[in-house]
Amino acid sequence: MQGIQSSVDKITDKTSSNGDAKHCGLSMNQLDSLDGPGLFGHLITFLSVLLILATLPVSLLFAVKVVQEYERAVIFRLGRLLEGGSKGPGIFFVIPCVDSYTKVDMRVLTFDVPPQEILTKDSVTVHVDAIMYYKVNNATSCIANVDDYSQSTRLLAATTLRNVLGTKSLGDILSERESIANDMQVSLDEATDPWGVKVERVEVKDVRLPQQLQRAMAAEAEAAREARAKVIAAEGEHKASRALRHAAEVICESPAALQLRYLQTLNNISAEKNSTIVFPVPIDIITHFMNNHAGKNKASS
């Protein structure tokens, strides 16, 4: 009965200390670290150290560990996270049968987000895939706060891609890829910060449209190009007619200009390699015949 009563007193004391700790701003993890491993844990640790000393130098094979420059080791002793955070790079020591550690790769990782079928804001179904670059920023958090940080980040990236693009129209998705990538990067970075993961960059790689929509957009673009071509041709005809009118007025004011134009036309014809035979007739002769014909018409009238 006394043992039961002492256990109840310990639980009560711990509960009251937890309540006091909440008022002081301490979390449960900090309380656990303050409690320590206990007497039994210290005893096991002491016996493990004695075993290492007794089996030297063979025990060094199990006690000495090495991590690379791009790796960190998160060590748990009797299920509790060691103070000081992650270890490495270089050599560190563990106590066999007491410590367990996990290596974390700190390099930038890439994830090719599989194509997601997304319904846009204007009710168009598109298939979009992206690529994400991320790395571990805090090795301790990525092990202690989430079960599988890599898989969780990848699933979150696919979900965020659907959520962000679902609020955009088709035109925005095709023309505003950079802003969409920035929005996704900010959203993912905020969500993965408690996991110790830093999202470096997100890029929308490809947007695939349905075949019917592609044909409709191609027909629309072709019709728009034909309309612009007709407008440009009409404007050219209008400008050309005005230029010809101005040229006719200049030729009427100066008869020599007609002769020069006639000679230029002969020069252009003779420059081409063709079998056309041209007999030039002076303008004066044609003008003489035209004057005689006009005089006869006046006499007859």
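My notes on the model, the cores and the charged pairs follow.

I am working with a predicted model, in which local features need pLDDT of at least 70, side-chain atom pairs count only at pLDDT 80 or more, and totals for chains, interfaces and linings use all residues. Residues are numbered from 1 along each chain as its sequence is written, and side-chain values use heavy atoms, with hydrogens and water left out.

I looked up the nonpolar cores, meaning sets of buried Ala, Val, Leu, Ile, Met, Phe, Trp, Tyr and Cys residues joined through side-chain atoms within 4.5 Å, where buried is under 20% relative accessible area, exposed over 50% and partly exposed in between (1.4 Å probe, protein chains only). The largest has 33 residues, and V126, V128, M132 and L161 have the most contacts inside it. Among the elements that each supply at least two residues of this core, I noted β7 (125-136), α6 (149-165) and β8 (197-208); helices (H or I, at least four residues) and strands (E, at least two) are DSSP runs, numbered from the N terminus. Another core, of five residues, lies apart from it and includes V67, I75, F92 and V94.

I then searched the whole structure for salt bridges (a side-chain nitrogen of Lys or Arg within 4 Å of a carboxyl oxygen of Asp or Glu), and found eight. E200 and K135 form one of them at 3.6 Å, N to O, linking strands β8 and β7 across 65 residues of chain. In helix α9 (residues 211-253), E249 and R245 lie four residues apart, about one turn, and their side chains also meet in a salt bridge. R245 counts as exposed because its relative accessibility is 60%, whereas E249, at 39%, counts as partly exposed.
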